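User: I would like to go through this model by question and answer, with the cut-offs stated as we go. Please start once the structure is shown.

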Amino acid sequence: MALRNAILRHLRVPVQTLGLNQSQIGFLGSIRTFSSHDDHLSREAVVDRVLDVVKSFPKVDPSKVTPEVHFQNDLGLDSLDTVEIVMAIEEEFKLEIPDKEADKIDSCSLAIEYVYNHPMSS
């Protein structure tokens with residue numbers, strides 16, 4: 001927990017803007033959608049956003065990222081890189097992943113499953 005908190009205070013993973021220019025980001029950044037039904041994202045939306053987060057990580061070759069890719073075995077990332085990716089996923093989805101669960105997330109498939117099964121907080 002202490003290591004994770006220290007990393008959170010000092011490291012940030014850059015997030016790509018997905019090709020939007022600054023004027024579009026400012027406009028789109030102010031839009032929020034509200035639903036009287038379910039705030040749960042579709043599986044496809046979760047997959048797309050998790051893959052975008054992983055592809056935007058500086059040490060990752062985006063062409064190697066798939067929904068099944070393992071962070072260490074397939075992308076050659078170390079444990080600190082994996083922690084940074086999980087933190088970026090938390091930020092992207094406005095989630096607080098408990099340390100016990102975060103330690104288990106070592107692939108895109110596990111990240112996708114966790115996010116899909118834990119709806120975003122408002």
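User: What is the N to O distance at which the side chains of K59 and D81 meet in a salt bridge?

Analyst: A salt bridge here is a side-chain nitrogen of Lys or Arg within 4 Å of a carboxyl oxygen of Asp or Glu. The model is predicted, and local features need pLDDT of at least 70, side-chain atom pairs count only at pLDDT 80 or more, while totals for chains, interfaces and linings use all residues. Residues are numbered from 1 along each chain as its sequence is written, and side-chain values use heavy atoms, with hydrogens and water left out. For the side chains of K59 and D81, the salt bridge has an N to O distance of 3.0 Å.

User: Which parts of the chain does the pair of K59 and D81 tie together, and how far apart are they in sequence?

Analyst: Helices (H or I, at least four residues) and strands (E, at least two) are DSSP runs, numbered from the N terminus. K59 lies in the loop between α3 and α4, whereas D81 belongs to helix α4, so the pair ties together parts whose separation in sequence is 22 residues.

User: Is D81 buried or exposed?

Analyst: Buried means under 20% relative accessible area, exposed means over 50%, and partly exposed lies in between, using a 1.4 Å probe and protein chains only. K59 has a relative accessible area of 54% and is therefore exposed. D81 has a relative accessibility of 4%, so D81 counts as buried.

User: Which helices hold R43 and E113?

Analyst: The side chains of R43 and E113 meet in a salt bridge with an N to O distance of 2.1 Å. R43 is partly exposed at a relative accessible area of 33%, and E113 is likewise partly exposed at 32%. This pair links distant parts of the chain, 70 residues apart, with R43 in helix α3 and E113 in helix α6.

User: How are α3 and α6 oriented to each other?

Analyst: Axes are lines fitted to C-alpha atoms, for helices over the stretch in contact, and angles run from 0 to 180 degrees between N-to-C directions. The axes of α3 (residues 43-55) and α6 (residues 108-117) come within 9 Å and cross at roughly 130 degrees. Angles under 35 degrees count as roughly parallel, over 145 as roughly antiparallel, 65 to 115 as roughly perpendicular and the rest as oblique. The two helices α3 and α6 are therefore oblique.

User: How far apart are the C-alpha atoms of I97 and V115?

Analyst: I97 lies in the loop between α4 (79-93) and α5 (99-102), and I97 is buried, with a relative accessible area of 1%. I97 and V115 are 18 residues apart along the chain, and their C-alpha atoms are separated by 9.1 Å.
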